[in-house]
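Thank you all for making time this morning.

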Amino acid sequence: MAEFRECPDSGFYFHKSAESLMKINAVTGVVALLVAGLLAIGVILTRWQEVHWLPADKFYMVLTGHGINALIFWIIFFEMAILHFAASTLLRCRLATPRWAWAGYFLMLIGAIMNNVAVFSGNSSVMMTSYVPMQAEPHFYLGLILFAVGALIQVFVFFGTLVVAQQEKTYEGSVPLVTFGAITAAIIAVFTIASGAIILIPTFLWSIGYISHIDAEMYRVIWWGLGHSSQQINVSAHVSVWYLLAGILFGAKPMSEKVSRFAFLLYIFFLQLASAHHILVDPGISTEWKIFNTSYAMYLAVLASMIHGLTVPGAIEVAQRKKGLTKGLYEWLRKAPWGNPVFSGMFISLVTFGFIGGITGVVMGTEQINLIIHNTIYVPAHFHATVVTGTTLAFMALTYLLIPVLFRRQMILPWVAKMQPYVFGGGMTIMILFMLGAGTLGVSRRHWDMDFAGALMAFEYPAIAYTLMAVGAIGGLLGILGGGMYLLVTVGSLLFGKKLEPSAGFLESFVGKALDPSVYSVKKPDLLAMAPKEEEEHTSGFEAPGTFGLAMLLLVTFVVYYFINWKYLASVWPLG
Amino acid sequence: MTSFLPPAERIWWKVPVGRQELIWIAIALTWCIIMFLMMPIWHVYGKQNLSTEAYQTTPAKFGAKVEEMVSQYKVGEEAGVPIVEPPVGSDVYMLGRLWQWYPVLKLKKDQEYRLHLSSMDWQHGWSLQPDNINLQIVPGYDMVLKITPDKAGEYGVVCNEYCGIGHHTMVGKIYVEE
Ligand code: HEM
Ligand SMILES: [Cu+2]
Ligand SMILES: [Cu+2]
């Protein structure tokens, strides 16, 4: 039976079951993003002190829901779609055990709904970290556990598909770099979910009374084994997306397969160890372990990101120069397709992730500097640069590609799509920068009231902190607008976009309605051949000098900002 | 076109790496090593290092020590919370509980104290403002650090780990006198 369709626009082959699963995972993810985005309105309009919209109980409930729906449900559902794409589509292979994949999907869905029900019942406002001994309702934890098990099943289907591809010899040579990156993400996911199970299952048992006590510090150490490494899944996934989009948009070829793959391997080796930077100011954690963990473990992962940060734009530059855009250092960049949201989204993601997310992450993850940053609003500002303008924007850029290729719809409102990465990326960047500032002044995260209404004792933040939060909030609202534009274009295109032929249809492809047999007409795609060899051009100079300039700019910013923070640290009370 | 195609060379790991990448890797690695060295260096030359001294405790035990200090060195009261002025160099205690930092401390500038911190219930965040020193306060652990307040004035202790509906009312005080 023929089960593949060839996309006439992109040349990709889609296996029927894999296609349905990609669609359903991606769409469910986008729904979670919608929920998270709506909740972000409540978060931002409350943290804008002059507006201070929600009452305290609602604020904490909304913030819990925002964090979980955005960080866990949106990103992980979407990543499942990416995994299936990287294995089945890129390797031209049938999906292994589609039924299991569906079972995994439904477990995730049930888990996500269950957790949301717990949160919105109002008795589980424990934030996504759910630190013990504050207790949520049992189905809060159970929902997360089911979600994790479901994700694990889909990850194993991904591995199964790789095995099938190898056995059925659907490709020549080694797996493509993008698939390699996805494998990295999947391996880290297994580790992550294992940590999650180790801590969440006892916590669930505790919430229903089977276990009387969970040590709060032990919880933190293990929880961050989950919380930290899950972020590395995101990094691996969005770096893979960068490579993919660079390849599709520019025909860019990795500058060196060896270097890029080695950098991915560094993620596997080191990132998962690096959870100590979340517990740098906790009681009784040994100095040696903290230093080992933040340097050896974290910095080698940082090194990996710095490598990707050079090789991704470098590959684009090389490809652009080959096309003749060789004037000066930056003609290749100036003449890049800035009006194409696939490119602008990807590039803004790359820059904000590196310049803001990366630098602030390393700075606050420094053993001693964490003292002046821990739990301030600086922390959410940092990770909005990593998971929002970094991961989320990369995934948004990918969506613009998937609408025609996977969903076979023409994008509606292209001018909205064109502006979207700028509005979203720009708005969030404003929010991030100003909240980094407010955090530096000590403004607390997860905090309902900067004025401390009702407190027995008074403390006042400097007036400038209020201004920073207000401007940040305006940036946040812009970001929410950008998120709305994304949802408008994607959902609108799926519903109303012109159908591209041949099309599997959206609903048909997963409710089992009879499919037009002409759509899936390919029995077995041709062998995926190795990339064509290119003639070696030996130049004595740099292949991508413009990128090197950008990399040096990053380094200088990094060094300056890093030492400024040491200086700031030196001004606080001596302690030891 | 190869990011999503199998590499052009079957033995891709033998393809030599370009000069530009090698230089960047060398620079980045050097920077990582410098950042690594900064931490031990600060332990030797810097003044802000978190001690690792901590003991397992219980709310009852820790609470008793706090009360003992309060009864010995109480010098006043603020908003119903005792103000305590313990001797220079002594062990001073502050506990976090829903939703209060207890007691208020009065310390001498440029003198060292051994500060003990713990929580009676949930996790809290000890955020000394405006100096901006932030510590995680975990129930069951008595965290001990030597502090040397080096600026006189009135400090707020904000709770910056979410601890329930009254989290924002959890503000404590430390006075530092010349
Ligand atoms: C679109 C606009 C968004 C805005 C305006 C926004 C705003 C915020 C703000 C201001 C906070 C901090 C609140 C506080 O600590 O008091 C926050 C927390 C958070 N946000 Fe967002 N956010 C947005 C999108 C996202 C996205 C897309 C993600 C994930 C991919 C995300 C993940 C999180 C997480 C994990 C937290 C932490 C929750 C916690 O402390 O438990 N946000 N958001
Ligand atoms: Cu508290
Ligand atoms: Cu609190």
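This is a predicted model: local features need pLDDT of at least 70, side-chain atom pairs count only at pLDDT 80 or more; totals for chains, interfaces and linings use all residues.

Let me begin at the ligand, where a nitrogen atom of ligand 1 is 2.8 Å from an N or O atom in the side chain of A:His66, which is a polar contact, meaning a pair of N or O atoms within 3.5 Å, and within protein one must be able to donate a hydrogen and the other to accept it, while residues adjacent in sequence count only if both atoms are side-chain atoms. Residues are numbered from 1 along each chain as its sequence is written, chains are lettered from A and ligands numbered from 1 in the order in which they are written, and side-chain values use heavy atoms, with hydrogens and water left out.

Oxygen atoms of ligand 1 are also approached, with a polar side-chain atom of A:Arg47 lying 2.8 Å from one oxygen atom, and a polar side-chain atom of A:Arg446 lying 2.7 Å from an oxygen atom. How many residues surround ligand 1? There are 29, and A:His384 and A:Arg445 are among the closest, where being near means that a heavy atom of the residue lies within 4 Å.

This shell divides into 20 nonpolar, 6 polar and 3 charged residues; here Ala, Val, Leu, Ile, Met, Phe, Trp, Tyr, Cys and Pro count as nonpolar, Asp, Glu, Lys and Arg as charged, and the others, Gly among them, as polar. Several helices of chain A, including H1 (16-47), H11 (378-405) and H13 (463-496), each supply at least two residues of the shell, but the largest share, 8 residues, comes from H2(A). Helices (H or I, at least four residues) and strands (E, at least two) are DSSP runs, numbered from the N terminus.

Now to helix packing. The axes of H4 (residues 138-167) and H5 (residues 177-207) of chain A come within 9 Å and cross at roughly 155°, the axes being lines fitted to C-alpha atoms, for helices over the stretch in contact, and the angles running from 0 to 180 degrees between N-to-C directions. That makes H4(A) roughly antiparallel to H5(A), since angles under 35 degrees count as roughly parallel, over 145 as roughly antiparallel, 65 to 115 as roughly perpendicular and the rest as oblique. Their contact has 23 nonpolar, 3 polar and no charged residues.

H5(A) and H6(A) pack at about 160° with their axes 8 Å apart, and are therefore roughly antiparallel to each other; their contact holds 19 nonpolar, 12 polar and no charged residues. The axes of H2(A) and H6(A), by comparison, come within 11 Å and cross at roughly 45°, so this pair is oblique.

A:Glu168 forms a salt bridge (a side-chain nitrogen of Lys or Arg within 4 Å of a carboxyl oxygen of Asp or Glu) with A:Arg94, the closest N and O atoms being 3.0 Å apart. A:Glu168 lies in the loop between H4 and H5, and A:Arg94 in the loop between H2 and H3, so the pair ties together parts that are 74 residues apart in sequence.

Lastly, most residues other than glycine have a negative phi, and most peptide bonds are trans. A:Met127, however, has a positive phi of about 65°, and the peptide bond from B:Leu98 to B:Trp99 is cis, with omega near -10°.
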